[in-house]
Amino acid sequence: MIFEKIKLPILALIVALFVSGLLIAFSDPKVLALKGDPLSMFAKALSIAGAAYWALFRGSIYDPQLADTGFFGGLYPLSETIVVSTPLILTGLSVALAFKAGLFNIGAQGQFIVGAIGASYVGFTFELPIVLHTVAAIAAAILSAGLYGGFVGLLKARTGAHEVIVTIMLNYVAGYFLLWLLSTKAFLREGRFDPIAPEVLESSRLPRLAGQDFRLHSGIFIALLAAVAIWWLLNRSTLGFKFRAVGANAKASRTAGISVAKSTTAVMVIAGALAGLGGAVHILGADHALTNEVGGSFGFDAITVALLGRGTPLGTVLAALLFGALRAGGLTMQASTETPLDIVLIIQALVVLFIAAPAVIKSIFRLKSVDEGQAMASKGWNG
Amino acid sequence: MSSFNPKNMSTPERRRFRGLITMLVLSIFALIVFAYLPEESAPVTYGFVLGGEWILLKEWIIDSKTASTLFAVLALLTTALSIALFKLKRSSRIVSFIFGSTFLMSFLSWAASGKFVPFTGLLQGGLLLSVPLIFGAMAGVISERSGVINIAIEGQLLAGAFVSGVLASLFANNWIGLIFAPFAGALIAVLLAVFAIKYGIDQVILGFVLNVLVIGLTNFLYKKLLIPYQSEWNSAIAFAPIEIPLLSKIPVIGPIFFAQSIIVYLMYIVVTLIHITLFKSKWGLRTRAVGEHPTAAESVGINVNRLRFKNVILAGAIAGLGGAFFTLGAVGSFSKEMTAGKGFIALAALIFGRWSPMGAVAAALIFGFADNLQGLLTIIGTPIPSEFMLMAPYIATIIAVSGFIGKVRAPAADGIPYKRGGGSR
């Protein structure tokens with residue numbers, strides 16, 4: 001049964017990689033120069049695309065070039081993949097949870113930033129004993145981001161303001177707020193003029209798991225725990241049931257006595273908290289210092305991750321790992337083969353498009369049927 | 001004498017009441033913070049001359065505290081007028097606009113104390129900055145009035161910017177770039193139309209994903225081709241402004257409206273056409289019908305999905321043309337992600353303007369002006385950090401969308417795919 005569920009995403013990925021491979025090959029002047037000779041053009045195209053994808057693999061899973069100290073040295077890319085995927089799992093869960101309740105949380109980016117700010121501030125301002133400090137930083141992140149998200153839910157519940165617009169606006173507000181913060185005395189690192197905050201103190205950082213050479217940190221456990229918690233919330237708790245009911249049919253839920261307003265607010269609080277947790281984990285585990293780029297593309301990617309993961313916690317984890325691999329590997333691909341990192345964006349968008357329109361995949365692979373999963377319910381501005 | 005008891009009012013009245021309270025609070029705020037509190041006061045110089053237009057008044061020098069007080073008092077008077085109108089069960093948008101202007105002038109006189117404010121230039125730049133917003137909002141109007149949510153405006157603008165910049169450079173001819181810009185936007189719109197109308201995919205997600213796709217593609221090609229081969233692929237030069245004889249000489253108004261590039265003049269035409277045809281032509285009537293009540297529209301013989309398809313593509317073309325502004329109307333060459341979220345602001349302007357063309361234009365102008373004002377204040381140096389002023393349009397949109405100053409209602413069938421034979425979903 002699992003095979004049926006992942007057949008579509010895997011096929012979508014294959015087609016997306018193929019189309020992107022074509023783009024990589026045929027945007028290269030060396031290939032275009034061989035216009036007159038189709039055979040050698042084809043060969044060149046193959047070698048260029050192949051080199052790019054080999055670099056992608058080397059950057060995300062295993063790099064033989066780094067294995068001079070033994071097999072494990074070559075696993076550095078895998079550790080990088082996990083490091084990048086960890087916040088993605090959390091932000092992806094944030095978006096996926098909201099989906100289940102019928103809401104689009106485009107604001108994962110802003111909530112992530114708010115959480116990162118909270119965790120960073122607690123991390124470099126206070127001096128607390130070792131585990132307590134981490135917990136305090138994480139608590140600050142969850143609280144602030146939860147409020148940031150809850151505000152959206154509250155607004156939607158009370159005034160019907162569509163969460164897509166509000167969250168997109170709040171993303172920009174959070175971004176500018178961060179920009180301003182990094183110009184204030186409180187947040188600027190001593191001796192530096194560029195916008196970077198002080199490093200969070202050792203006592204607040206998440207412990208490394210594979211020695212100092214690898215960036216792998218215990219945040220991955222937090223992320224996986226969160227995935228399990230969300231699974232339990234959605235499938236085994238009353239609150240989760242209410243979320244799913246409201247997501248499936250708000251009017252019927254209201255008739256059945258479920259408070260749509262409370263559910264909307266509650267789910268956005270949790271979604272915000274999740275994204276904020278992602279920000280905290282990223283700061284406390286990987287980056288250690290707040291910069292303007294802290295949001296990165298985590299918010300963006302979160303949406304494609306949630307879509308690819310079909311809105312289930314397990315799917316979200318797997319999708320986050322995949323897109324994390326693409327991001328991590330993409331850096332190597334950009335460095336070694338001059339293939340811009342943005343190809344990853346294209347692959348992501350194509351995968352989601354193909355999943356959204358299974359008919360395309362069906363006709364390419366001549367499948368009779370494909371588990372289309374929960375159809376992405378179409379809603380208007382008014383509902 | 002009727003009492004102001006909120007409980008006895010109808011919802012629209014209650015909203016207007018809330019608006020009045022806001023105006024009152026803001027006027028008093030202006031009086032206290034901009035007029036009364038500042039200890040020192042220096043002269044503010046408002047410059048009105050830009051270039052070669054006729055000169056009515058060269059500049060207006062006024063003491064900042066005097067100016068702030070003057071405008072704050074005017075704002076208060078306007079509020080009183082609005083209250084009077086409310087009691088007479090009337091309302092006037094012009095009065096609200098006057099209030100906004102006086103409050104703004106009070107703020108500006110406070111913020112620019114001791115500085116020079118190029119007033120005409122400020123307005124001219126404001127119009128310029130609102131051009132892509134207006135194009136985007138027009139695209140949104142056509143698409144959404146037909147019932148298809150178009151979040152992909154950002155992508156369509158970016159695609160138009162890319163194609164127009166590249167083609168103008170490759171062929172060393174701006175007109176070729178301008179002509180093909182709408183096609184780029186339309187191409188993205190075709191994807192939106194096919195997936196949304198034919199496959200019934202959720203339009204919000206779709207629009208979002210299309211934006212990601214366009215950003216990825218343009219970034220990729222920018223790094224792969226435009227940077228290394230810049231002289232061939234990315235060396236377009238923007239259109240020079242065309243001064244309309246006589247009209248461009250009118251003081252203040254002339255330089256603002258009649259000394260712009262061809263793209264701005266095209267914009268005037270597009271806006272006028274859309275406003276007229278949406279409300280006075282057969283196409284407009286059908287479009288609106290299809291967006292409000294597709295079942296009824298089909299029962300009188302309109303092919304709902306085909307009209308939606310056509311309109312979405314038309315909307316994409318308009319947005320693509322607006323994208324050409326970023327390159328051929330401004331800096332000439334293309335740069336990464338140069339639309340910088342303007343597509344989303346255009347969407348906000350659309351909602352702010354209640355899905356009507358003129359309303360959206362007004363909202364877009366406000367946003368553009370605010371953006372330019374923020375830039376000016378950053379240059380001349382003001383007490384408020386620039387980041388907060390950059391936040392202002394976004395916060396304003398949230399306030400607008402939450403119905404604080406008026407309920408917003410999208411076309412009834414907006415975003416819901418239509419199946420033939422009646423009944424959506």
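**Salt bridges, the interface and some loop residues**

I begin with chain A, where E199(A) and R205(A) form a salt bridge, with 3.1 Å between the closest N and O atoms. By salt bridge I mean a side-chain nitrogen of Lys or Arg within 4 Å of a carboxyl oxygen of Asp or Glu. The model is a predicted one, in which local features need pLDDT of at least 70 and side-chain atom pairs count only at pLDDT 80 or more, whereas totals for chains, interfaces and linings use all residues. Residues are numbered from 1 along each chain as its sequence is written, chains are lettered from A and ligands numbered from 1 in the order in which they are written, and side-chain values use heavy atoms, with hydrogens and water left out.

To return to the pair: E199(A) is partly exposed at 40% relative accessibility, whereas R205(A) is buried at 18%. Here buried means under 20% relative accessible area, exposed means over 50%, and partly exposed lies in between, with a 1.4 Å probe and protein chains only. The two residues also belong to a network of salt bridges that links E199(A), E202(A) and R205(A).

Still in chain A, the side chains of D301(A) and R327(A) form a salt bridge at 2.8 Å, N to O. Because D301(A) lies in helix 12 and R327(A) in helix 13 (residues 313-337) of chain A, this pair ties together parts that are 26 residues apart in sequence. Helices here are DSSP runs of H or I with at least four residues, strands are runs of E with at least two, and both are numbered from the N terminus. D301(A) is buried, at 2% relative accessibility, and R327(A) is buried as well, at 16%.

How many salt bridges does a search of the whole structure find over all chains? The search finds eight. Two salt bridges are counted between chain A and chain B, and this brings me to the interface.

One salt bridge joins K223(B) to D342(A), at 2.8 Å from N to O. Another joins D28(A) to K224(B), where the closest N and O atoms are 3.7 Å apart. That pair crosses between chains, from the loop between helix 1 and helix 2 (29-32) of chain A, where D28(A) lies, to helix 7 (residues 203-226) of chain B, which holds K224(B).

As for the interface as a whole, 51 residues of chain A are in contact with 54 residues of chain B, contact meaning heavy atoms within 4.5 Å. The two chains bury about 4,700 Å² between them, 77% of it on carbon and sulfur atoms. Buried area is the accessible area (1.4 Å probe) that two parts lose on being put together, summed over both.

I turn now to chain B and its loops. S146(B) is in the loop between helix 4 (119-145) and helix 5 of chain B. S146(B) counts as buried, at 0% relative accessibility. Its side chain reaches the backbone oxygen of I142(B) at 2.6 Å. Which residues does S146(B) contact, leaving aside its neighbours within four places in sequence? They are T287(B), V290(B), G291(B), R308(B) and N311(B).

E39(B) lies in the loop between helix 1 (11-36) and strand 1 (43-47) of chain B. In contrast to S146(B), which is buried, E39(B) is exposed, at 77% relative accessibility. The C-alpha atoms of E39(B) and I263(B) are separated by 46 Å, and the two residues are 224 residues apart along the chain.

Most residues other than glycine have a negative phi. A172(B), however, has a positive phi, near 50°. This residue is in the loop between helix 5 (153-170) and helix 6 (174-198) of chain B, and A172(B) is exposed, with a relative accessible area of 70%. A340(B) has a positive phi near 45°. A340(B) is placed in the loop between helix 13 (304-331) and helix 14 (342-352) of chain B, and is exposed at 53% relative accessible area.

Methods. Polar contact = N/O pair within 3.5 Å; in protein donor to acceptor, adjacent residues only side chain to side chain.
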